[in-house]
Amino acid sequence: MEHRSLSFTIFIHLSALLLAAVILAPMLWLFVMSISPSADLTAKPLHWWPTAIDLSRYKFLLSRVPNSAGAAFTASLVNSVVVAGMATIAALAVAVPAAWAVSRTPSVTWSLYAVIGTYMLPPVALAVPLYMGLAALDMLNSVYGLALVYLTILAPFTTWLLKSGFDSIPREIENAAMIEGARLDQILRMITLPLAAPIMATAALFAFLLAWDEFFYALLFTSDQHSKTLTVAIADLAGGRVSDYGLIATAGVLAALPPVVIGLVMQRALIAGLTSGGVKG
């Protein structure tokens, strides 16, 4: 069994604490800003801790009063959940058979590289064709149209991730089931997909985060609270002549909560998926 020196153990723990501080400090400051009075945020020298706890911004943004800023924000929050959820589910539905086919048929791997190559194009280069396509389908300013656009972004990414997961599953298992008379759909449902569950959960999480954080297409293809997503709503809060930095921070905290909760719930599957295929034998 490997023995580590005390100094090395202390170094590892200090490095972990430093990494945690670097990652968590911005989130902590965002939360402090969200509960600080406006005077504290403009004071010189800056107040690093609020002189009083102010939760009015959370009440303001979570208000459901019709035609209020809170109603627009909560509507955009729901829109983000719906769009990211639909796009993630659709991406997995497309990526699972595509990734399995590419994994089991190496001769068509070039097609995956060709699709991934579209990621090299800047989003603005695709804006006009996508806009014209959505206009032709009458899907502008629609959560369904936006989810369709996100699908074009997420499907290649999730296919690439899932292929690495399917590559780590021995083909002999599937061949043995086929010899026993199992159909292809039974092999996938009862053998391959359960073994690939960790990488599928990882792909779903990253796809959801990509859709959740997307801003450019949401800004172009939505115009009101019926389809506007959270990233655009937060930008609207900062679009006035005088910005309430505490209100923007509050919106940031609320926007960060769903991904954080999902990440905490799925952390075991995430770790298993990221390490999938790392050790074979």
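Ser-76 touches Lys-228, Thr-229, Leu-230 and Ala-233, leaving out residues up to four places away in sequence; contact here means heavy atoms within 4.5 Å. Ser-76 lies in helix H4, which covers residues 69–104. Helices are DSSP runs of H or I with at least four residues, strands are runs of E with at least two, and both are numbered from the N terminus. With a relative accessible area of 1%, Ser-76 is buried. Buried stands for under 20% relative accessible area, exposed for over 50%, and partly exposed for values in between, using a 1.4 Å probe and protein chains only.

The model is a predicted one, in which local features need pLDDT of at least 70, side-chain atom pairs count only at pLDDT 80 or more, and totals for chains, interfaces and linings use all residues. Residues are numbered from 1 along each chain as its sequence is written, and side-chain values use heavy atoms, with hydrogens and water left out.

Thr-109 belongs to helix H5, residues 109–116. Its relative accessible area is 15%, so Thr-109 also counts as buried. Beyond its neighbours within four places in sequence, Thr-109 is in contact with Val-102 and Lys-163.

Leu-19 is placed in helix H1, residues 6–34. This residue counts as exposed because its relative accessibility is 52%. Leu-19 is also one of the residues of a nonpolar surface patch of about 530 Å², together with Leu-18, Val-22, Ile-23 and Leu-24. Such patches are made of residues with over 30% relative accessible area and no salt bridge; nonpolar side chains (Val, Leu, Ile, Met, Phe, Trp, Tyr) are joined within 5 Å, and like charges within 9 Å. A salt bridge is a side-chain nitrogen of Lys or Arg within 4 Å of a carboxyl oxygen of Asp or Glu.

Turning to the whole chain, the protein has 14 helices and zero strands. Its C-alpha atoms fill a box of roughly 75 × 65 × 30 Å along the principal axes. Of its 281 residues, 37% count as buried. Among contacts between residues at least 6 apart in sequence, 71% join residues at least 24 apart.

The protein chain exposes about 16,600 Å², of which carbon and sulfur atoms supply 72%. These areas come from the Shrake-Rupley method with a 1.4 Å probe, and for residues only the protein chains shown count as cover. The mean positions of the 14 positive and 14 negative charges are 3 Å apart. Lys and Arg count as positive and Asp and Glu as negative, without His and the chain ends; each charge is placed at NZ of Lys, CZ of Arg, CG of Asp or CD of Glu.
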